[in-house]
Amino acid sequence: MEIIRKSSEAEMISEFLKAEFASERFSEQLAESMERLGLAEKLITKADLNVETENALRKKLLGNFRGYGEKRELFERFPKVSEWNLCKFSENDLEHIRYIDYSYWNELSKGTGKPLSAAETIRNGIEIFGVSNEGFLQAAEYIKSGGSFPKLFFLTADYKEFVIVEGHQRMTGYALVPECFKDVEVIVGKCSEEELKNWM
């Protein structure tokens with residue numbers, strides 16, 4: 001792992017929304033939040049991080065959509081982030097990346113929390129809770145063909161071990177083709193170890 005430059009909450013939120021905007025699972029829910037708030041798609045698709053009013057609207061949207069800043073849903077007990085950095089990850093880092101503590105990801109990764117273990121489950125054709133693995137396989141093929149995604153979002157307490165906040169499916173796709181996990185840009189938020197464990 002290599003730190004490339006400083007990042008920010010505003011950049012994290014922008015990339016988070018880009019990923020959900022393109023997600024089959026969350027795009028409809030995001031569109032509903034945008035309609036409730038009267039926001040246009042260009043706020044996500046043509047984000048300008050230098051415009052503070054835009055940043056504030058995107059933060060409000062992520063709050064309405066997933067509970068960010070409101071201590072709800074994914075962001076219940078979310079840690080206080082002391083610094084944001086844009087980092088570059090490669091294949092050797094895969095062993096140090098973990099899923100959030102959630103029943104589906106725990107089962108998929110055989111209790112390890114590791115995307116690499118989840119990849120073994122998928123290769124063995126095992127489906128968890130009757131959920132198809134097709135999305136992971138499609139993501140892996142997209143990566144192999146040179147496709148790119150919005151930046152992933154991790155949390156860390158020490159820059160040695162990392163927990164995925166946003167990008168579980170994409171991270172699993174990378175684990176299926178680890179040789180393609182090269183110079184992948186991730187926004188990393190640093191927080192205390194105690195708060196990270198409490199959130200996971």
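K182 lies in the loop between α8 and β6, where helices (H or I, at least four residues) and strands (E, at least two) are DSSP runs numbered from the N terminus. At 57% relative accessibility, K182 counts as exposed; buried means under 20% relative accessible area, exposed over 50%, and partly exposed in between, with a 1.4 Å probe and protein chains only. The C-alpha atoms of K182 and F89 are separated by 6.5 Å, although these residues are 93 residues apart along the chain. Leaving aside residues up to four places away in sequence, K182 touches F89 and S90, contact meaning heavy atoms within 4.5 Å. The loop between α8 and β6 (184-190) also holds D183, whose phi is near 50°, a positive value in a residue other than glycine.

The model is predicted: local features need pLDDT of at least 70 and side-chain atom pairs count only at pLDDT 80 or more, whereas totals for chains, interfaces and linings use all residues. Residues are numbered from 1 along each chain as its sequence is written, and side-chain values use heavy atoms, with hydrogens and water left out.

**Helix α8 and its packing against α6**

Helix α8 is largely enclosed by the rest of the structure, because eight of its nine residues are buried. These buried residues are H168, R170, M171, T172, G173, Y174, A175 and L176. Helix α6 (residues 115-123) packs against helix α8 (residues 168-176) at an angle of about 70°, and their axes are 8 Å apart. Axes are lines fitted to C-alpha atoms, for helices over the stretch in contact, and angles run from 0 to 180 degrees between N-to-C directions. The two helices α6 and α8 are therefore roughly perpendicular to each other; angles under 35 degrees count as roughly parallel, over 145 as roughly antiparallel, 65 to 115 as roughly perpendicular and the rest as oblique. On the α6 side the contact is made by P115, L116, A118, A119, I122 and R123, and on the α8 side by M171, T172, A175 and L176. By class, this contact of α6 with α8 has eight nonpolar, one polar and one charged residues. Here Ala, Val, Leu, Ile, Met, Phe, Trp, Tyr, Cys and Pro count as nonpolar, Asp, Glu, Lys and Arg as charged, and the others, Gly among them, as polar.

In helix α7 (residues 134-144), the buried residues are F136, A139, A140 and I143. They cover an arc of only 100° around the axis, which puts them on the same side of α7; the arc is that of the directions from the helix axis to the C-beta atoms. The buried residues of α7 pack against α5 (103-108), α6 and α8.

The largest nonpolar core has 58 residues, and those with the most contacts inside it are F78, F89, L108, F154, V165, M171 and W199. Such a core is a set of buried Ala, Val, Leu, Ile, Met, Phe, Trp, Tyr and Cys residues joined through side-chain atoms within 4.5 Å. Residues up to four places away in sequence not being counted, L108 touches Y99, S117, A118, T121, I122, I128, N133 and F136.

Within helix α2 (residues 27-37), L30, S33 and M34 are buried. Seen down the axis of α2, these buried residues fall within an arc of 100°, so they line one face of the helix. The face turned away from the buried side of α2 carries the exposed residues E28, E35 and R36. Cover for the buried residues of α2 includes α1 (9-21), α3 (42-45) and α4 (52-66).

E20 lies in helix α1 and counts as buried, at 3% relative accessibility. With residues up to four places away in sequence not counted, E20 touches F26, S27, L30, F65, R66 and E166. K46, by contrast, sits in the loop between α3 and α4 and is exposed, with a relative accessible area of 66%. The C-alpha atoms of K46 and S14 are separated by 9.7 Å, the two residues being 32 residues apart along the chain.

**Positive phi values**

Y159 is found in the loop between β4 (152-156) and β5 (162-166) and counts as buried, at 18% relative accessibility.

| Residue | Phi |
|---|---|
| G146, following α7 | positive, near 95° |
| Y159, not a glycine | positive, near 60° |
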